[in-house]
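Good morning, everyone, and thank you for making time for this. Please have the sequence and the structure open as I speak, and follow along with me.

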Amino acid sequence: MQNEAACTNLIGLVDTALFGQERKTGHELRILIKGLAAAVAPELGVEELEYVARVAEEKQGIRAGLGAILDSEDYEPWLDDAKSSIVPFYWSRYRQLLLKNGLPKDVVISTDTVTDRILSRLGNPMNRSKWDRRGMVVGHVQSGKTSNYTGLICKAADAGYRLIIVIAGIHNNLRNQTQERIDEGFIGRDTGKKQISKGHKKFLKGVGHFDPSNTPVSLTNTLKDFNKATASTNTSEIDSYKVPVVLVIKKNYRTLGNLLDWLRDNSAKGDNEMIDQPMLLIDDEADNASINTKYKKSDITKINGQIRDLLNMFHRSCYVGYTATPFANIFIDPDQEDEMRKEDLFPRNFIIGLDAPTNYFGPKRVFIDGLPEDEDPVFLRYIDDNEPFIPISHKIDLVVDELPPSLEKAVRLFLVARTIRNLRNQVSAHCSMLVNASRFTAVQRLLRNRIHDLVERIQNAVRINASKGSRALSDPEIAALKEVWETEYSDTDTDWSEIQAALFDAIASAKVVEVNSNANGLDYSDAGEKGQCIIAVGGYSLSRGLTLEGLTVTWFLRNTMMYDTLMQMGRWFGYRGGYEDLCRIWMPDNAIEWYSFIAEATDELFDELKKMENAKATPEEFGLAVRSHPASLLVTARNKMGAGQKVTTQVGLSNKFVETARVSINPGYIDANRKLVEKLVARLVAEAKRDEFLGQTLFREVSFDVIDEFLAGWRNALQSIQTDPAPVRSYIRAGKDDELGQWDVLIAGTKNKTDEICGIPVGHIERYVGLDDLRRGFMSFSGSKMRVGSRGIEKAGINPQKAEEAELNYLTQRAGKETKPNFPDRIYRQARERPLFIIYLVQATPPKNMSEDARVSKIPSQTVVAWGMSLPASARPEQSVEYIVTPTWMREMFGEEDVDEEFMEIIDGE
């Protein structure tokens, strides 16, 4: 596109013109665009105006909900009464910037509403009495949390807050990136360039271009973190706090210590006005390093204590923690309820869950909707060839001489994707690839060098031969590029001849950079008219908060199974307008398993927030619900295994689904469980009412004793801790006289390969299992699904009308976000009157992605028994059961914790 810049500018003007208006028809939209173009961009042709119209139409369809809010009982609204005296100077500038940057108008409106709701839960800055507020905002990874708290900062400044502190990540590059975002959205000038300027020229940036007056004072800049000496020289700029003072600091004990010392010094010198100012503290990535993660409860993490000290220095203060991992141990760490309530950083006043806009490319899109039943994944690709080149577990002295074939393919695919994006008029947009395969910086350097060699070889081949038409395919590098296009992108809107012709211009500037504590080559500011084309290789520095612009392809090889670490490593989440179909993510099968589990658990938790909001629950009640969620097993154990002791943790089973996703391959266990299910079915045939569900046999009103007897005889795999019969039996026994007294039992199966038990036909369910698990004596079913049953299985036994109501309620809550309804089973669980017990006969098969020579003989030839249990919401939701987790179990299931070399350097000394 010749006039790409003019089109981009026109799109921004259209967004501004449409703000606050009713949705326009296609005809009305085109009339508006034609009129604006005549005034500001007469050079645009018919095709370019149509392109602008299509972009505007797509944006009109993007929506964002208002999330959910839990308040403490002492919440007193103040913002509505104060609105008449607030001049929205900083917010108005920021709203203009959001529209100019292309954020859909409905998303801007939603951001306006949500930030008002957050601000109203902070302290009223005009209230001179002493107060402090503690809250948390839970968003999605890479969904726009920084934009949200930048908007909150603007509104807080308008309302009268004069001291604002943002605690960013624990690494310099994330702090610098956050400072740049605050410069652009709040300050209005480039703080780094001002520092190096010899003259008096203001380097305007972002909102500063709309109105450069009332510029906030920044005691940090894009070049330097907080420094006591620099801050002292800038104190004169504060000018009696007529404008806000802002600091963006690294989450580091030395930096926090310097800030505390500086505040104490100024207070001692008589500058008490600073301490009297209402202070807003934004804690980005609040689950990381802010919370007490040491094993002795009396030994509070130093950063945690410093944040407490910082808050306590001010007479009026607000703490707002932003996080994307809501299972964070800020909720889980205390053993007792009263300890959780006493925790200073616990969000005792409010918890707000942010809805992601409908165009969010997040965990649900990738790991739930993108993993359809019995079909190949949409975005995911398996890594199964790394061990000879880069073992998942390796040491710091690993020598990387060659790249795994899957990584070479991913690099080639990235270069083709860059070319396709150029052909889609995205030349000026950045395009990035992420390679995260080692926790050691030395290994990252070697990986970077080998990828550089590959990219340079491809660039040379394309430079010399791409212009030769069909003869170019005799070059093996160009032939390899066409091969990855055929396997991945041949169904897109471009053909190979177009791509080959545009290849060199698209990839000539591609570069491979290292991003860690030793090197940071990630810099998008050098781009001219063309966007950057970057392959970023790193570890911890790429794992939290850092945004990779235009991330399209990822190759991810890590062995951590810790839910929060994994989710934060998901830099590929975000917004992929115009190129979502090109996105691909390579990772090992077991990592996909855990991401799928986490995606389900997180989606469930956001629904729990909405339910609790309707029930007017408090943050404390939500904290207790999080602590009792099955996912907390992993978090609690991880935090308390330092002493090498067993961990006993309470898990609630109310409104939960429990399933034997892992079973033993011990022949004795297999035979015993087969006899056990035969005994169960014989008793059901003799005693229970028989019904049908989708061609499968359903028994109704089955006595609790039948289920309890089965569980008592079940031979459980040690690795399947959640289906340990003892705690499960303890839970259901407590409800046997009321809600768990009568059960439905489904004999689940398919129509093919039918077995028979006591005259009841039982279709075999095929599920593939992992090679590594087989070596350790058990089978994990369905790999990435971590489930035996198919989606919708929990609908069995529910009144059809109630099931339909549950589906309608789900769609209503999603407000049109589900283009293809894929109902999660938990919605049926909430409508359940009787608990459901499910029996399966599973035929294990080799992994889908396993090569023929890797297939092993350990997979049982006979079917194995598995079971599931759908438990309704209890009248006693506080009822929980005890699970005991041992260090041996943790190591066997998850290996040693994957702690980055960089992280250890950062926290050293705490």
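This is a predicted model: local features need pLDDT of at least 70, side-chain atom pairs count only at pLDDT 80 or more; totals for chains, interfaces and linings use all residues.

**Salt bridges, strands and a charged patch**

Let me begin with Arg700, which counts as partly exposed because its relative accessibility is 22%, where partly exposed means between the limits for buried, under 20% relative accessible area, and exposed, over 50%, with a 1.4 Å probe and protein chains only. Residues are numbered from 1 along each chain as its sequence is written, and side-chain values use heavy atoms, with hydrogens and water left out.

Arg700 forms a salt bridge with Asp691, with 2.8 Å between the closest N and O atoms; by salt bridge I mean a side-chain nitrogen of Lys or Arg within 4 Å of a carboxyl oxygen of Asp or Glu. Asp691 is also partly exposed, at 34% relative accessibility.

How many salt bridges does the structure hold? There are 36. One of them links Asp132 and Arg348, whose closest N and O atoms are 2.4 Å apart. Asp132 lies in strand β2 (residues 131-138) and Arg348 in the loop between α15 (337-342) and β8 (350-353), so this pair ties together parts that are 216 residues apart in sequence. Helices (H or I, at least four residues) and strands (E, at least two) are DSSP runs, numbered from the N terminus. Asp132 is partly exposed at 32%, and Arg348 is partly exposed at 28%.

A salt bridge can also sit within one helix, as Lys482 and Glu486 show: their side chains meet at 3.9 Å, N to O, and both residues lie in helix α19 (residues 476-488), 4 residues apart, which is about one turn of the helix.

Let us turn to the strands, which are said to pair if DSSP finds at least two bridges between them. An open sheet of 8 strands, with mixed pairing, runs in the order β1-β8-β2-β7-β6-β3-β5-β4. Which strands stand at its edges? They are β1 and β4 (217-218), each with a single partner strand, so one side of each is left without a neighbour in the sheet. The strands β1 and β8 run antiparallel and are joined by 4 bridges, and Leu70 stands opposite Ile351 in β8.

Another antiparallel pair is formed by β23 (residues 754-757) and β24 (residues 760-763), again over 4 bridges, with Val762 in β24 as the bridge partner of Asp755. Their hairpin has 2 residues between the strands, and Cys758 takes a positive phi near 55° there.

Finally, please look at the surface, where Glu73, Asp74, Glu76 and Glu621 gather in a patch of negative charge. Residues of such a patch have over 30% relative accessible area and no salt bridge, and like charges are joined within 9 Å. Asp74 is found in the loop between β1 (68-71) and α4 (79-82), and Asp74 counts as partly exposed at 47% relative accessibility.

Conventions
Patches are made of residues with over 30% relative accessible area and no salt bridge: like charges are joined within 9 Å, nonpolar side chains (Val, Leu, Ile, Met, Phe, Trp, Tyr) within 5 Å. Accessible areas come from the Shrake-Rupley method with a 1.4 Å probe; for residues, only the protein chains shown count as cover. Lys and Arg count as positive and Asp and Glu as negative; His and the chain ends are not counted. The place of a charge is taken as NZ of Lys, CZ of Arg, CG of Asp or CD of Glu.
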